[in-house]
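Please look over the structure shown below before reading on.

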Amino acid sequence: MEDVIQLAKASGLKVQYTKTYEDGWTRIRVTMVGSVKYKDSAGNTALREKMGLDLSPAEKKSRREANTGTGISAEESGYQRAQHKKKSAPKLTKTERNAIAKANRMVKKTGKGSKMSYAKARKLKGERGHWGVLDQAIRHYLEALQLAYPYYINSFIDFLNGEENYGPEISLENIISYLEGFIKERKSGALVYKRGKGLKHDNVRRAWEILYNYHQMDEEQMKKANESALKTLKEGKVELK
């Protein structure tokens, strides 16, 4: 949702929202779009519709599996459904525990972000399923490293493609290609970093600001903005081991 908000702001739309931390994951609720106020999650839906966006494949998968388990097997799914009906937190798989442990080690090492407890992860799994746990573990890991979330990078690419459609004198294909070299789509539909690569969130944000309203610049301004944005992105590159 945060990526949709950033995309909306970059397009000049006024958006207000709240961010709270609940049981190891972040809840974002849009409270106003333009001059219209919203309650609960209605604002999130309205903003997505206004921006012409739908839930990501990973988010849809998380919602579907919140009541049906990981989807790994019929037996596992049946077990998770039974647990959900009992309103008790399901157990974590080895994959989920490893992802949480990896995120927590990075938080401890960097002193940034917040750790994710197994108890909170189990409750989260009961609400959002297997992929919801993994997604949140990845978020903790990226926040500790101050890296941009893959969906944020993808939103930036969508913005650049939109500017490119104006046929600018200085093409943005070089920046689009550079960004595409960092992320990939898994079979599940989730966007992740390619192995060994990462981009600092602040650098991606600053590059986006530099290229804001790119199509309204003259040729000389485009040239300078293009060079500055690409330089900013390259300075934000991180080698992940």
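At what angle do helix α5 and helix α6 pack? In this predicted model, where local features need pLDDT of at least 70, side-chain atom pairs count only at pLDDT 80 or more, and totals for chains, interfaces and linings use all residues, helix α5 (residues 94–110) and helix α6 (residues 118–145) pack at about 35 degrees, with their axes 8 Å apart. Residues are numbered from 1 along each chain as its sequence is written, and side-chain values use heavy atoms, with hydrogens and water left out.

**The helix pair**
- The crossing of α5 and α6 is left-handed, meaning that the near helix is turned anticlockwise from the far one by less than a right angle.

**Lys125**
- Lys125, which is found in helix α6, is buried, with a relative accessible area of 3%, where buried means under 20% (1.4 Å probe, protein chains only).
- The side chain of Lys125 reaches the backbone oxygen of Lys91 at 2.9 Å.

**The whole chain**
- The protein chain contains ten helices and seven strands, taken as DSSP runs of H or I with at least four residues for helices and of E with at least two for strands.
- Of the 241 residues in the protein chain, 44% are buried.
- Among contacts in the protein chain with a separation of 6 or more, 60% come from residues 24 or more positions apart.

Definitions and conventions
Axes fitted to C-alpha atoms, helices over the stretch in contact; angles between N-to-C directions. Buried < 20%, exposed > 50% of the residue type's maximum accessible area, 1.4 Å probe, protein only. Contact = heavy atoms within 4.5 Å. Polar contact = N/O pair within 3.5 Å; in protein donor to acceptor, adjacent residues only side chain to side chain.
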